[in-house]
Amino acid sequence: MDFSVIEEKMRSVGLSSAAIEAFRHSVQVLTSQQSMLIPESEIEPARNVAEWEQLVADTAPADEQLLSQSVIIKLNGGLGTGMGLQKAKSLLEIKPGVTFLDLIVRQVQHLREQAGCKVNLLLMNSFSTSADTMAHLARYAEGGFADPAEVEMIQNRVPKLCADTLEPVSFPANPDLEWCPPGHGDIYPALIGSGWLDKLLAAGVKYAFVSNSDNLGAQPDTRFLRWFAESSAPFVMEVTRRTEADKKGGHLATRKADGQPILREVAQCPDEDVPAFQDITRHQYFNTNNLWVRLDALKSFLDAHGGVMPLPVIRNIKTVDPRKAETPKVYQLETAMGAALQCFPGARAVCVPRSRFFPVKTCSDLLLLRSDAVEIGEDGCMRLAPECGGVAPVVQLDAKRYKLVDSLDALGVPSLKHVTKLTVSGEHHFADGEALSGEVSV
């Protein structure tokens, strides 16, 4: 097909050449005869997955030199619309007056104080989250966190394509709906197109820890940073063991052809292989989306591949207005940043404790964080209260009644540090701090 129409539309809104070339690759994959699926016959269960505890047990924390050569990158492009928010999800309060974003800054401040040097923070904001995020960071201007030139990179956007013609869709009723996010695989073209990759490397920064801003378990670890720096691995993915609750999510596997570790999402699985995909005894690990990347290795790879990370492409079939089924059918193409695992010889996966994967997706997750079962240290890191015995209470709120954040105000925040499981069906009210114990159902 003729990509020039797509290219012209992308250039008209100021998107970089890196973003355009990345999308060109996605469209070429879509229109080629190559399969976008990864059948079970081409993979086997993940091999050589190291254990986090064993790697860090005898590893000394990173010193000032290593910390000054590192950057913490947070994907911060999501709105909390699914929980009733119209602003950056990272501005959700965990404790009174303390948001996800406050904890991220506090963690970086702690590392700076610990090392006596600058530890870099980079937020990949979207057009939707930039203004709210930077306004909130104004309170941290003294540390340089309020300067977009120091902390912000803007996520790209890509055109939705007409399912019939593969041309960019036109929707005059709401032109914003002609665009969609390209998935977190956009981090690679965003780093190039924004100039941030070259800027970081010029400043001597080699090691990047990348994670989602709503995963409060993704906390910097100086022992692992040292291990990563000494390992010579160009790319490390943090994985953790799948449970029945995770069987529909992507999993780690080994490609039979060359033994390379890869990531397979459910959208890449043939229908006949779904039972094997969901077999958690066969495919035991899933991607937490916590990644460690050698920036010099990333730069070398991109230079050798024309500035494009050749990631697998996920095709989503939607309507141009997702709220109106009668509007034209479109393809939304996206990529996953963890899929870059397959691009680097020597890439590794490390099995981490489940505590490093604590995404806040629902009000049930948020209630647990707001309770006394979770403590926030001066270093900005989240820990379970000692009374929990190392196991987080399970919270299951009525999904219809407690879907939106505002609904938690009427629920109250009981004490959960002695609870194994809390189930709430229908409407209820707890007194703040009300003591609960064991398995509770109301």
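## Stop one: a covered strand

This is a predicted model. Start by selecting strand S6, residues 120-125: the strand is mostly covered, with six of its six residues buried.

Strand S3 (residues 70-76) runs parallel to S6, joined by six bridges; pick Ile73 and you'll find Leu122 opposite. Then bring in strand S7 (residues 152-154), which also pairs with S6 in the parallel sense, over three bridges. There, Glu152 stands opposite Leu123.

## Stop two: the aromatic rings

Across the whole structure there are 11 aromatic pairs. Select Trp52 and Phe224, a stacked pair at 4.5 Å centre to centre with 10° between the planes. Trp52 belongs to helix H3 (residues 52-56) and Phe224 to helix H10 (residues 222-231), so this pair ties together parts 172 residues apart in sequence. Trp52 is buried at 5% relative accessibility, and Phe224 is buried at 0%.

Next, pick Tyr207 and Phe228: with centres 6.1 Å apart and planes at 75°, the pair is edge-to-face. Tyr207 sits in strand S11 (residues 207-212) and Phe228 in helix H10, 21 residues apart. Tyr207 and Phe228 are both buried.

To see the whole cluster, select Trp52, Tyr207, Phe209, Phe224, Trp227, Phe228 and Trp292 together.

## Last stop: charges over rings

Select Lys199, which lies over the face of Trp196, 4.2 Å from the ring centre. Finish at Arg242, whose charged end sits over the ring of Phe277, 5.5 Å from its centre.

Key: Residues numbered from 1 in each chain as written. Predicted model: local features only at pLDDT ≥ 70, side-chain atom pairs only at ≥ 80, totals over all residues. Heavy atoms only, no water. Buried < 20%, exposed > 50% of the residue type's maximum accessible area, 1.4 Å probe, protein only. Helix = DSSP H or I, 4+ residues; strand = E, 2+ residues; numbered from the N terminus. Pairing = 2+ DSSP bridges. Phe/Tyr/Trp six-rings, centres within 6.5 Å; stacked < 30°, edge-to-face > 60°. Lys NZ or Arg CZ within 6 Å of the ring centre and 35° of its normal.
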